[in-house]
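Here are my notes on the model you sent over.

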Amino acid sequence: MKRYIILIAALLTFTGCEDVLDTKPGDTYSEKDIYSNINLTEKLVFYTYNSTENWGMNEGDWWTRRINIENASDESWFHFVPQNFRITRAQIVPNNMGFFQHKWQQYYGFIGTANDFLSKIDNSPVAASNPKEVAMLKGEMKYLRANSYARLINFFGGVPLVVKPFALTDNFTVPRNSYEECVNFIVKELDEAAALIPAGTRMGTEFGRVSRGACLALKSRVLLYAASALHDPANTKAPRGPLYDYTKANKWKDAADAAKAVIDLNAYSLVTVKTAADYQKMFLTPNSELIFARPFHPEFPNTPNDFNTLPDKAHSPVGSGGWGLSNPTHNFVQDFKMANGKRITEAGSGYDAAQMYENRELRFYANINYQGATFKGRELQYWQPGGADSKDAPGPNHFAATGYNLRKFLDETIVIDQQQSPRRPYPLARLSEIYLNNAEAQYHLGNEAEARQYASLVTQRVGLPAITSSGKALLEDIKYERQMELFFEGHRFFDLRRWMDEVKLGEDIVGVQWMRRNTSGQLDANGKLTMIGPNLIEDRTFVKANYYLPIPQAEIEKSKMEQNHGY
């Protein structure tokens, strides 16, 4: 049987058709079968959708399917210290990548699958017999290849641009392309993909598949990132050179135009939100502002039917049957504004340290499980001794080390380990992100009125006042909205780096503890509830090299390509 040749950087690996298709034992499909049968062709594309993000860090070892990249930012902290991120302590090295160890290999594996498909599909029998369907599949594959490259350059800077399958006689020593060359390629691919795919989120049986809006939304993100400080040749605080620089003079206009192209599709609208419950439900079902999402569905293999990888099992409090793996940090919790739109440190905010969870903005209540919150019909008990969600809880020791658990994405109606939400989406692009992309780009173009307009659409949707600031304060307000609106959606790790916010990147992580004590000061389950903290959870360090990941040592040795600065 003929087998696919897939490039993983300079490493040549072989993946048989039986490895990518869901077949019965003993069944095999030749390459001729795949490119002659539209159903088999479609399944190959479905396999490549595994290159998109998920609630875990996707394929790899057991841990990467249960840990989130948010734990490498100030958003949350992974409960188990031995498995925590090495990059947060400036300990990541080319031969010890920690949770990032599979990223290079994974994305180039999917790129290889896409390259093989795109090199064969136009001249295949299935293209002649199903031209419309194949055109859309081709567009989807172009998006998936572009997305894989977008993820690679976010992690590594400029990478080798491999756009066709390698023959066995080819030279596999492939140099890295410049960052700007990679961005140009990604944008070109996305423009070509957008022309082949319908506008609007694809619903019904096609929910979760790439649309024109998804292509334009990714283009918006890529150009926003490229325009940011991290890639500015004049900014000497970050690694410089072709592997990292973006030199286009009109970069902010390009970013603004790309965001506006999504908005002008008029295919999406913000969901109306009146309460925290409304906002929470928005992440449990498809809706009008969802541009592109990864659904948990059997058509998308690898993780969809594994209850242990679902957010409910991985992130629910231990007293509710979860593992509570990713703990939101007290740092992040204290960044949530009050309901009146003021920071907790601002005069007139009404913040009371003795009642610190009262009168906060509604996204706090929708996103965070905290001491005294009601979850699955019961009050959460993070206190000792004996609290149902504390370290005294029976079973695995998965208590919330920071004093918080995730609430966002969790479905309170299901029974953990027995049920999963039928079509809960993991958002890959939402309209609120595009509004904030446009706001940030317009700010840098000097169009502050338009920047305020689009940022205010996001703030006012959740009941906060319209933004009225200007100058640097306006930029900080836009950044704040990205922080809170896109919480736990995979943005913060990259945003802090592209903004070069070294204060937040190197900020120590703190949490709180809850105790009940009697009048004698002894622990007593019936005693007075007292908060202790903030307590140090992890001392973090940021160094210049950590703006990018190191290229894995095995790839450097095989290809002799240039390693990233500082490794």
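1. Let's start with Gln 483, which sits in helix α16 (residues 471-485); helices here are DSSP runs of H or I with at least four residues, strands are E runs of at least two, and both are numbered from the N terminus. Gln 483 is buried, at 8% relative accessibility (buried is under 20% relative accessible area, exposed over 50%, partly exposed in between, with a 1.4 Å probe and protein chains only). Setting aside residues up to four places away in sequence, Gln 483 touches Asp 74, Phe 332, Asp 335 and Arg 492 (contact means heavy atoms within 4.5 Å).

2. A word on what you're looking at: this is a predicted model, where local features need pLDDT of at least 70 and side-chain atom pairs count only at pLDDT 80 or more, while totals for chains, interfaces and linings use all residues. Residues are numbered from 1 along each chain as its sequence is written, and side-chain values use heavy atoms, with hydrogens and water left out.

3. Next, the pair α4 and α6. Helix α4 (residues 103-120) packs on helix α6 (residues 131-156) at an angle of about 155°, with the axes 9 Å apart; axes are lines fitted to C-alpha atoms, for helices over the stretch in contact, and angles run from 0 to 180 degrees between N-to-C directions. That makes α4 and α6 roughly antiparallel (over 145 degrees; under 35 is roughly parallel, 65 to 115 roughly perpendicular and the rest oblique). The residues in this contact include Trp 104, Tyr 108 and Phe 117 of α4, and Met 141, Tyr 149 and Phe 156 of α6. By type, the contact of α4 with α6 splits into 14 nonpolar, three polar and five charged residues (Ala, Val, Leu, Ile, Met, Phe, Trp, Tyr, Cys and Pro count as nonpolar, Asp, Glu, Lys and Arg as charged, and the others, Gly among them, as polar).

4. Have a look at Asn 115 while you're there. Asn 115 lies in helix α4 and is buried, with a relative accessible area of 2%. Which residues does Asn 115 contact, leaving aside neighbours within four places in sequence? They are Arg 145, Val 162, Val 163, Lys 164 and Pro 165.

5. α6 and helix α7 (residues 179-194) pack at an angle of about 155°, with their axes 8 Å apart, so they are roughly antiparallel to each other. Among the contact residues are Tyr 143, Ala 146 and Ile 153 of α6, with Val 183, Phe 185 and Leu 190 of α7. This contact divides into 12 nonpolar, one polar and four charged residues.

6. Now the strands. Strand β4 (residues 290-295) runs antiparallel to β11, joined to it by five bridges (two strands pair if DSSP finds at least two bridges between them). Phe 292 stands opposite Ala 429 in β11. Six of the six residues of β11 (residues 425-430) are buried, so this strand is largely enclosed by the rest of the structure.

7. Leu 310 is in the loop between β4 and α11 (311-315), and is buried at 2% relative accessibility. The C-alpha atoms of Leu 310 and Gly 56 are separated by 8.5 Å, although the two residues are 254 residues apart along the chain.

8. Last, an open sheet of three strands runs in the order β9-β12-β13 with mixed pairing. The edge strands are β9 (383-384) and β13 (528-538). Strand β12 (residues 509-517) pairs with β13 in the antiparallel sense over eight bridges, and Met 515 stands opposite Thr 530 in β13.
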